[in-house]
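Let's take a look at a ligand and the protein around it. Here is the structure.

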Amino acid sequence: MTDYTARPSLFIDGQWLPRGNRDVHQVTNPADGRVLAELPLATPADLDAALDAVQRGYPLWRATSIDQKAAVLAGAARLIRERAELIAITATLEQGKPLAEARAEAGYAAALTEFYAGEVRRNHGRVLARPVGQRSLVLHEPVGPSLALCPWNFPILNPVRKLAPALAAGCSMIIKPPEEAPGSAALVLQCFIDAGLPAPVASMVFGVPDQVSRHLIASPVIRKISFTGSVPVGKQLMALAAAGAKRTTMELGGHAPVIVWDDCDFDATVAMVAAFKWRNAGQVCVSPTRILVHEALADRFGAALADRARALQLGPGLDPASQMGPLANPRRPAAMATLIDDATARGGRLLAGGSARPGAGHFWAPSVLADVPTEARLMQEEPFGPVALVQRVASIEAAIAEANRLSFGLAAYICTQNGRTANLLADAVEAGMVGINTMAMSAVDAPFGGVKESGHGSEDGPEGMRAFQVVKAIHQH
Ligand code: NAD
């Protein structure tokens, strides 16, 4: 089973809609350019129908019993697991990542949905001590119909990261998955529907992103916007949300520093940086990018990482031999070329890669650069591709200053065997998530999110459900 069988479409008020005379987006396989599907795009009337549905779905779902909500989420988790292979193949064909990564993504999506099935029962508030006969309560209530705007890099997980906690909180939701990788999101939504989610509670739309987000955010029906994507688009969406004083969760970009100290486990650190840098071809918001290596190790580290880059097997994600797939769309190799050319022109040393692989598909050789000057664009902008920068640092203070130099603050990593150094650095880095001798940043019960321009609010964990709630204080005399 390796064929593309998904028929992604608009899902509004319980119906997968036919194309009709709607415009379409051609979904292509980034490994070979083949057209996989013609995706219908929503008209303004479709968007209004989705708004109408989730407006009706909200009171219905809010009034649904705790048991029933938990059963729908638990059932959806089970179905995602059962259908994981089809979901993963669809994501790989649309987005390019190796099938093993897509399978892991589907597994995490199922585990997260299962976690939120449990969170339905853990919606604890507070009772405040008052004189006899009086009390005050703090309750967490659903924020209302919400909008999820999801990117293409984790096409299975991103919609689940928003839908599952929104449902656990009691919200209805319109989801706009990425037009470039719509099929796995549609298969995942079907799991929730088949598990018993009432028809009007969730709708899925595709369209021209700017038009869709403007239309939906302007509607008084939508009370909350959860977006994952780039910093500039996030700022644009926050401005739209501000016009209606709407709440937002923004999971934006990163430019993760990795502080590699002279007492680290050298081989384990090189292996870890390589594994996480090339994962999803570097198209990951927490991808390690600025590797800030103690000067005593820097040359050896750069050479070892470059060896691993050269040894990596590139190929279509469905080929079990492929360790890294193509980039997801033609914008990424173009961006790699621009950023790497700029860095080398300014004196950065290319240790590996640096060019596209000839032939079909958006393949880019895993790339390592060293000693890239601070003014190079690669040292300022999120590369969102398979490029690592090995930069030498002479002191802990210099490492901290460089780690915190940019306006990003998503993930930061620390590699040292010294607990005191680890604690000092973990406290000093400006980041929403810190990994000490690990780069695994996602855990279903822990918050995932950034600070500074990397965004605000968290996904996953109890915090992910709180993001779809408002608090109410009730005082009784
Ligand atoms: P982009 O900024 O145009 O789009 C990023 C995502 O936002 C896409 O999924 C896109 O469909 C969506 N989007 C764009 N304009 C939108 C709008 N007006 N309303 C709603 N959604 C909108 O860039 P791109 O070329 O697709 O992706 C590359 C950049 O996006 C990267 O450099 C990276 O910074 C960022 N990105 C971040 C994440 C993340 O996990 N934080 C994921 C994907 C992309």
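This is a predicted model: local features need pLDDT of at least 70, side-chain atom pairs count only at pLDDT 80 or more; totals for chains, interfaces and linings use all residues.

A polar backbone atom of Gly 229 lies 3.3 Å from a nitrogen atom of the ligand. For Asn 153, a polar side-chain atom is 3.4 Å from a ligand oxygen atom.

## The shell

There are 21 residues around the ligand, each with a heavy atom within 4 Å of it. Trp 152, Ser 213, Ser 230, Arg 331 and Glu 382 come nearest. By class, the shell has 10 nonpolar, six polar (Gly among them by convention) and five charged (Asp, Glu, Lys, Arg) residues.

## Basis

Residues are numbered from 1 along each chain as its sequence is written. Local features need pLDDT of at least 70 and side-chain atom pairs pLDDT 80 or more, while totals for chains, interfaces and linings use all residues, and side-chain values use heavy atoms, leaving out hydrogens and water.

Definitions and conventions
A polar contact is a pair of N or O atoms within 3.5 Å; within protein, one must be able to donate a hydrogen and the other to accept it, and residues adjacent in sequence count only if both atoms are side-chain atoms.
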